Amino acid sequence: MASIEREIPSLLRETIDDVIQTPRTGRRSYEELEKTEKTYIGTRVEIMIRAFFRLPKGRLDLLILGRDADVKFTIGGNWMMPKEVINHPCLLLAADEERARCYFGLFIADPAYLSLSTNQDQKRTVSAAGFSHILWLLNGHPLQPNFWRTIPHASAVAIASQTTGNERVMALFREVQDRAIPRDVIEATARQKDFMRRIRADGGRGTRDLLAREGILLLSGKYDAAIINRLGLGEVGPSEFISHAPANDAEHDIARAFEIRVGRS
């Protein structure tokens with residue numbers, strides 16, 4: 001169960017964010033996606049779930065103990081059930097982006113548990129009474145928020161509008177200061193090989209040097225923990241970075257000590 005609580009939310013977050021691709025598109029939400037992209041997210045969730053549980057593919061999405069079962073994913077409040085899944089087991093997954101919660105349950109698509117009405121594709125949904133027949137493995141479990149939804153829209157646009165990877169990463173740390181930023185967000189923003197080399201000094205051309213010239217420190221949770229603590233910037237993990245513009249003489253003294261070691265890889 002601990003593995004499910006850890007891996008399923010991460011799987012959903014990665015799958016959704018990889019399709020939105022904020023640094024490339026400027027979009028920040030599922031609602032901005034094209035219909036085909038939303039369909040692809042459902043397909044990818046199916047593939048990832050099958051791989052996670054190491055289950056073979058069947059006539060439907062996968063086989064559970066030799067029986068055909070389906071994987072259903074939604075960011076809405078319900079799942080669409082086509083005729084072919086009726087009376088079959090279903091793995092139901094959902095992500096609530098507004099509340100940063102996720103859901104994962106087991107369900108038998110018994111007609112008695114489904115709505116009487118259908119859409120134009122003859123698909124039915126789980127009825128109000130049918131929800132009581134879902135065996136929840138995760139019910140309102142925390143889901144890491146999409147990073148880009150937690151920053152101002154103008155900042156996301158400013159970052160996405162940059163031409164090169166280095167410029168985008170610089171804009172990221174310029175726009176989002178005094179907050180730990182995970183490595184995967186930086187990698188998605190850079191969209192280039194060896195982005196970690198560029199974030200360091202890189203012979204004076206890297207993000208760290210260029211931001212320093214603007215009066216902004218770029219600190220690594222792994223290498224600069226002591227400086228981060230002295231500046232009172234809070235907890236920054238070993239795979240996270242944080243930027244900070246010194247605001248007074250005492251902080252500038254710390255910055256000068258840091259600049260001596262800027263070239264350290």
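Visitor: How do the residues of the lining of the largest pocket divide into nonpolar, polar and charged?

Guide: Ala, Val, Leu, Ile, Met, Phe, Trp, Tyr, Cys and Pro count as nonpolar, Asp, Glu, Lys and Arg as charged, and the others, Gly among them, as polar. Here the lining comprises eight nonpolar, seven polar and nine charged residues. The model is predicted: local features need pLDDT of at least 70, side-chain atom pairs count only at pLDDT 80 or more, and totals for chains, interfaces and linings use all residues. Residues are numbered from 1 along each chain as its sequence is written, and side-chain values use heavy atoms, with hydrogens and water left out.

Visitor: Which residues lie nearest the centre of the largest pocket?

Guide: On a 1 Å grid over the protein atoms alone, a pocket is an open set of points where a 1.4 Å probe fits, with protein on both sides within 12 Å along at least five of seven lines; lining residues have an atom within 4 Å of a point. Of the 24 lining residues, Thr39, Lys72, Phe73, Met80 and Lys123 lie nearest the centre.

Visitor: Which helix gives the most to that lining?

Guide: Helices (H or I, at least four residues) and strands (E, at least two) are DSSP runs, numbered from the N terminus. H3 gives the most, with six residues; H3 spans 35–53, and strand S2 (67–74) supplies at least two.

Visitor: What lines the second largest pocket?

Guide: Its lining has 23 residues, with Asp17, Asp18, Asp184, Val185 and Ala188 nearest the centre. H1 gives the most, six residues.
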